[in-house]
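Please view the model alongside the text.

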Amino acid sequence: MATNIAANMAQAHFGEVPVAASNEDKVRHSESDMLACCWMGKNKLEMKRVPKPDITDDEDVLLRITASTVCGSDLHLYHGEILQLKENEILGHECAGVVEKVGKNVTAVKPGDRVVAAFNVACGKCQFCLKKQFTACECTNNSSVMEKLYGHRTGGVMGYSHFVGGFSGTQAEYCRVLYGNTNLLKIPFGLSDERALYLSDIIPTSYHAIWEAGVKEGEVVGVWGLGPIGLSVVQWLRNVFKASRIIVIDNVPERLQLAKERWDAEVINFDEHSDVSARVNELVPGGLDRSIDCAGFRYAKSLVHKIERAVGLETDTSEVINEMVRSTKKFGTMALIADYAAYTNHLLIGGIMEKGLRLIGCGQAPIQRHWEECLRHIVEVRFDPTAILTHRFRLEETVDVYKKFDLKQAGVMKVFLETKFSAPAAPGTPALTSTNDL
Amino acid sequence: MATHIATNIAQSHFGEVPVVASNQDNQNTSPTDMLACCWMGKNKLEMKRVPKPEITDDEDVILRVTASTVCGSDLHLVHGEIMQLKTNEILGHECTGIVEKVGSKVTAVKPGDRVVAAFGVACGKCQFCLQKEFTACDCTNNSAVMEKLYGHRTGGGMGYSHFVGGFSGMQAEYCRVLYGNTNLLKIPPGLSDEKALYLSDVIPTSYHAIWEAGVREGEVIGVWGLGPIGLSVVQWLRNVCKASRIIVVDNVPQRLQLAKERWGAEVINFDENTDVAARVNELVPNGLDRSIDCAGFRYAKSLVHKIERAVGLETDTSETINEMVRSTKKFGTMALIADYAAYTNHLLIGGIMEKGLRLIGCGQAPIQRHWNECLRHIIEDRFDPTVILTHRFRLEDTVEVYKLFDQKHSGVMKVFLETRFSAPAAPGTPALVSQQGFFTQAGLFAAYLAAKQEQSFGILKQGGGGLIQITLHALPAPNAVTTSHEVMVYRNLTHAPAYEYFQDTELNHTVMENCKGGYPQATIAIGASTMGCLPKSPWGWLICMIGRFMHRDLKPADIMVEGDTIKICDFGMVRIYF
């Protein structure tokens with residue numbers, strides 16, 4: 001908590017960077033309030049009734065939310081590991097909804113349209129957005145703490161602390177989407193919310209990882225971490241990018257099983273093969289063409305890294321990256337789509353330099369760059385986003401969902417959170433259950 | 001020394017990886033010997049007469065060396081920071097020469113040809129060589145230690161330890177070049193050795209960095225480190241790549257000056273602008289398009305990293321990379337051409353991931369991929385390799401040259417080492433330096449060698465650093481064992497204040513550097529960086545995270561500071577783990 005207080009004080013001291021995007025919703029003080037999931041402290045979330053957002057900037061869109069979910073990256077917030085969190089702020093960065101109101105400069109959508117919202121807030125007009133590097137947008141993140149830490153500010157993100165702009169999130173009944181002409185994708189008639197929802201983040205994000213890694217047909221690719229991102233990466237690699245072999249690393253048996261049975265991956269359970277790179281090199285002499293890290297900074301395995309993270313000697317473990325370094329062929333590529341936050345120790349930098357490895361930081365994925373292509377693959381039935389959709393819950397149970405999702409209990413992979421505005425469950429997708437029944 | 005013993009033992013334990021290339025020269029025991037610079041231990045080089053190499057494999061070429069030099073990366077060997085070094089082995093990986101003999105399968109050159117040799121040993125036939133990734137050659141490096149550390153073995157290198165194959169080097173009068181059909185470039189008539197020599201490494205290496213970084217015309221590029229590689233990168237950027245702006249970062253005034261005056265670089269002296277990234281972002285709002293690291297693993301600036309390297313908590317500093325992370329624009333590229341060896345701490349991995357940065361490990365540069373192109377630029381006068389050539393010495397003086405080069409004395413940048421086979425200095429290049437007086441500036445080692453001859457006791461030299469000899473009456477075991485053990489640890493450290501330990505019948509003598517002792521602020525830095533995990537332990541405990549050794553008795557008085565060099569002493573209680 002001390003880090004967070006310090007970070008908030010630092011921001012106050014440096015002063016916020018002036019940006020065009022307003023991160024405070026202009027709230028209405030009528031009886032219009034709504035249910036939302038709010039961060040109240042480390043490991044503390046509460047469902048609260050809060051004011052409903054309203055149009056604040058001219059390009060805003062007010063959405064009535066019909067689908068939301070919880071992300072692996074939300075767990076970093078839950079554990080208090082992201083800088084500049086503030087109490088009472090709404091979490092969530094993925095949703096589908098119906099347009100309720102639009103600001104006067106909105107042209108791309110109108111009230112009544114069904115849309116998916118991107119998790120990132122991009123203005124669509126700056127030098128980075130014009131190059132389609134939407135998550136590098138200059139105009140939507142006022143965090144001077146990030147500017148000091150990284151040298152520059154990335155773009156803003158919904159529901160993800162003031163480190164990325166401090167916008168209210170989407171685990172709620174309504175949300176305000178900024179720059180609606182850029183950050184909304186219309187859902188084609190006939191496509192269910194269940195199939196559209198994950199276009200807000202994990203589907204284009206997993207696609208982005210492979211795009212950044214430069215995967216070519218016929219290659220041998222390794223995937224570390226079989227959360228929703230990793231599993232989606234495996235599906236893309238098999239169904240669309242036509243990798244010849246896919247090696248996957250994780251320790252949750254049902255996730256390894258799914259990757260193997262559904263997409264013919266070769267599995268490595270790191271609880272059984274503790275020397276992961278030795279096992280990879282047995283399977284693939286000479287090493288992988290490319291490796292993709294979908295695990296990330298929090299997942300320390302050894303005692304050294306667990307202790308160092310616990311006492312703040314490092315914030316990020318380097319274990320996955322080091323495994324990838326030893327597993328990837330000379331002059332191969334490693335892509336980090338998993339989140340990394342700040343500092344790591346014991347990174348095998350010598351291996352990266354001497355083997356000629358390309359370590360690609362993917363950045364937060366520029367959803368708007370890829371989502372139309374992803375939508376096309378979904379509509380043409382090459383990619384099924386619901387392969388990882390395991391449960392459907394009501395928004396009211398979001399706090400319990402976080403807990404189950406964090407502990408990987410009951411086979412929970414990616415969930416569908418329904419609101420009072422949602423359509424009934426689409427055929428072939430999980431029926432509504434309660435966390436009490438798990 | 002412990003690391004080398006350990007890595008050599010490890011290699012024996014794992015077994016050498018069988019590769020086709022022979023790394024032992026097939027030497028005959030005729031009277032044909034030659035002068036060569038040999039590694040004799042940490043900070044110990046000797047010019048020795050050794051057997052001349054002979055054709056061993058069918059594609060070998062024996063060169064009569066006409067030019068050689070010393071590389072920034074050779075300094076890592078001198079300081080004992082590269083694994084699998086063995087005593088008596090010849091250093092040096094850059095040379096030109098005349099073909100004297102060829103093996104039965106050599107077709108590309110014949111006796112009498114003037115050639116440059118590549119520093120990398122590539123077979124030319126394996127899957128990597130066929131893709132022109134010559135330094136990834138599968139066939140020329142038998143190091144099982146590297147395979148364990150990195151997962152795979154890179155290609156071999158000349159004169160650079162058994163970590164990269166254990167081939168004899170070229171700071172010598174003759175050398176054996178393997179796979180002569182791949183690893184030699186013919187020097188066009190009319191091109192001097194001075195202009196050709198650096199095609200063996202520095203020129204194609206600097207070119208490779210820019211090629212890997214993907215530099216495009218009109219971009220804004222940052223270059224960290226203005227050694228021969230960095231300065232050559234700047235020249236390529238200005239003369240050939242047509243970068244619009246070149247920002248350079250270093251602290252040696254004459255190198256910054258050269259980059260500015262010759263190639264219009266914008267300079268940042270990091271002794272003046274300690275927050276380098278802030279300064280870059282002042283000069284280039286939004287940050288650099290691309291950054292190139294030509295500095296590397298040894299050049300720690302802050303106390304934290306100096307101490308961590310000194311006690312083995314990390315082998316490589318992350319400071320340069322972190323500065324580049326903060327200085328490079330979102331979705332920009334950072335290329336590492338500088339050497340990195342193993343592990344680093346405090347790397348800003350979050351900045352790399354969140355800003356979408358591409359961190360390109362360039363690998364050891366595949367010289368053979370680029371050297372024809374580089375040669376073309378040299379012949380067509382777009383690139384002048386002799387800009388960085390500052391001094392010419394005789395091969396006989398190589399050991400002193402290393403000292404000068406390491407200390408950046410007398411404006412030494414890149415040198416030309418002549419042998420008895422060399423042509424005279426080409427017009428416009430430095431004349432031979434031969435006065436002995438030139439080398440007295442080398443300092444400590446010269447004083448030490450002189451003092452050793454005197455066999456003097458007590459203080460050998462006062463002031464200007466100097467040495468102190470501590471004489472103790474012989475202690476009964478296990479104390480005597482402890483003392484020699486302690487000195488063995490010192491010899492393994494990169495900064496050791498102890499140079500020599502010897503016994504006669506009654507007395508133990510330890511020759512140490514005369515440093516001022518005790519620096520209270522160092523304890524705070526150690527506390528901040530390493531002691532946080534053991535808040536209740538006596539702060540003298542220090543655990544080396546790569547498991548090599550535990551000091552167990554660290555106190556302020558054991559931390560010596562001279563200028564901004566940190567040295568750790570008193571390893572009497574050390575535990576070593578291999």
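In this predicted model, residues 228-297 of chain A are 44% helix and 23% strand, and the end C-alpha atoms of the span lie 16 Å apart. An unreviewed UniProt entry lists these residues as "domain: Alcohol dehydrogenase-like C-terminal".

Helix α14 of chain A covers residues 367-379. After α14(A) comes Val381(A), with a positive phi near 60°.

| Item | Value |
|---|---|
| Residues in contact (heavy atoms within 4.5 Å), chain B | 61 residues |
| Residues in contact, chain A | 63 residues |
| Buried area (accessible area lost, 1.4 Å probe, summed over both parts) | about 5000 Å² |
| Salt bridges (Lys or Arg side-chain nitrogen within 4 Å of an Asp or Glu carboxyl oxygen) | three |

Carbon and sulfur atoms give 60% of the buried area. In chain B, the residues that lose the most area to chain A are His152(B), Lys330(B) and Met353(B), together 16% of what that side buries. Asp138(B) and Lys330(A) form a salt bridge through their side chains, at 3.0 Å from N to O. On the side of chain B that touches chain A, α13(B) gives the most, with six residues.

Residues are numbered from 1 along each chain as its sequence is written, and chains are lettered from A in the order in which they are written. Local features need pLDDT of at least 70 and side-chain atom pairs 80 or more, whereas totals for chains, interfaces and linings use all residues, and side-chain values use heavy atoms, without hydrogens and water.

Key. Helices (H or I, at least four residues) and strands (E, at least two) are DSSP runs, numbered from the N terminus. The expected span of a helix is 1.5 Å times one less than its number of residues. UniProt positions are given in the numbering used here, feature names are shortened, and annotations may be inferred rather than shown by experiment. Buried area is the accessible area (1.4 Å probe) that two parts lose on being put together, summed over both.
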